[in-house]
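Visitor: I would like to go through this structure term by term. Please set each label against its definition.

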Amino acid sequence: QAAGEISELQTQVKFWFVIDGVELKYGSGQRAGITIDFTYVENGVNTAEDVKGFRVRDFPLRWALFKTLYPEWRTVLT
């Protein structure tokens with residue numbers, strides 16, 4: 001960001017899963033979503049970047065849901 005290559009850098013951004021206007025919830029009533037490590041704008045494109053040192057069991061499903069429900073975001077997984 002300091003070099004001017006990206007802007008609007010945010011960390012630990014929550015995205016909630018909503019399908020056909022209905023929030024996806026667990027049996028406990030808690031909203032389902034994903035926390036993305038970094039979001040930023042690069043060359044005018046909203047980018048969501050997640051860094052995984054250790055992948056939790058449900059991460060592939062959450063990542064797939066994010067990419068499907070938020071297609072306007074470019075995704076980067078490192």
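**Labels and their cut-offs**

Guide: Of the contacts in the protein between residues at least 6 apart in sequence, 53% join residues at least 24 apart; contact means heavy atoms within 4.5 Å. This is a predicted model, in which local features need pLDDT of at least 70 and side-chain atom pairs count only at pLDDT 80 or more, while totals for chains, interfaces and linings use all residues. Residues are numbered from 1 along each chain as its sequence is written, and side-chain values use heavy atoms, with hydrogens and water left out.

Visitor: What makes up the secondary structure of the protein?

Guide: There are 1 helix and 6 strands, in the sequence pattern β-β-β-β-β-α-β. Helices (H or I, at least four residues) and strands (E, at least two) are DSSP runs, numbered from the N terminus. The C-alpha trace spans about 45 × 30 × 15 Å along its principal axes.

Visitor: Why is Thr-47 called buried?

Guide: Buried means under 20% relative accessible area, exposed over 50%, and partly exposed in between (1.4 Å probe, protein chains only). Thr-47 has 0% relative accessibility, so Thr-47 counts as buried. Buried residues make up 29% of the 78 residues in the protein.

Visitor: Where is Thr-47 found, and which residues does Thr-47 touch?

Guide: Thr-47 is found in strand S5, residues 45-50. Not counting residues up to four places away in sequence, Thr-47 touches Phe-38, Thr-39, Tyr-40, Glu-42, Trp-73, Arg-74 and Val-76. The side chain of Thr-47 also reaches the backbone oxygen of Val-45 at 3.2 Å. A polar contact is a pair of N or O atoms within 3.5 Å; within protein, one must be able to donate a hydrogen and the other to accept it, and residues adjacent in sequence count only if both atoms are side-chain atoms.

Visitor: Which residues make up the largest nonpolar core?

Guide: A nonpolar core is a set of buried Ala, Val, Leu, Ile, Met, Phe, Trp, Tyr and Cys residues joined through side-chain atoms within 4.5 Å. The largest such core has 12 residues: Val-13, Phe-15, Phe-17, Ala-32, Ile-34, Ile-36, Ala-48, Phe-59, Trp-63, Phe-66, Tyr-70 and Trp-73. Strand S1 (7-16), strand S4 (33-42) and helix H1 (59-69) each give two or more residues to this core. The largest share, 3 residues, comes from H1.

Visitor: What does Trp-63 touch?

Guide: Leaving out residues up to four places away in sequence, Trp-63 touches Ile-34, Ile-36, Ala-48, Asp-50, Thr-75, Val-76 and Leu-77.

Visitor: Why is Leu-65 called partly exposed?

Guide: Leu-65, found in helix H1, has a relative accessible area of 21%, so Leu-65 is partly exposed. Apart from neighbours within four places in sequence, Leu-65 is in contact with Phe-17 and Leu-24.

Visitor: What makes the nonpolar surface patch, and what is its area?

Guide: Leu-9, Phe-38 and Val-51 make a patch of about 220 Å². Patches are made of residues with over 30% relative accessible area and no salt bridge: like charges are joined within 9 Å, nonpolar side chains (Val, Leu, Ile, Met, Phe, Trp, Tyr) within 5 Å. Leu-9 has a relative accessible area of 39%, and Phe-38 has 31%. Leu-9 lies in strand S1 and Phe-38 in strand S4.

Visitor: Why is the pairing of Arg-74 and Glu-42 called a salt bridge?

Guide: A salt bridge is a side-chain nitrogen of Lys or Arg within 4 Å of a carboxyl oxygen of Asp or Glu. The side chains of Arg-74 and Glu-42 meet at 2.7 Å, N to O, and form a salt bridge. Arg-74 lies in strand S6 (residues 74-77) and Glu-42 in strand S4, so the pair ties together parts that are 32 residues apart in sequence.

Visitor: How many salt bridges does a search of the whole structure find?

Guide: The search finds 5 salt bridges. Among them, Asp-58 and Arg-62 meet at 2.8 Å, N to O, and Lys-25 and Glu-23 at 4.0 Å. Salt bridges that share partners join Glu-23, Lys-25 and Arg-31 into one network.

Terms used: Accessible areas come from the Shrake-Rupley method with a 1.4 Å probe; for residues, only the protein chains shown count as cover.
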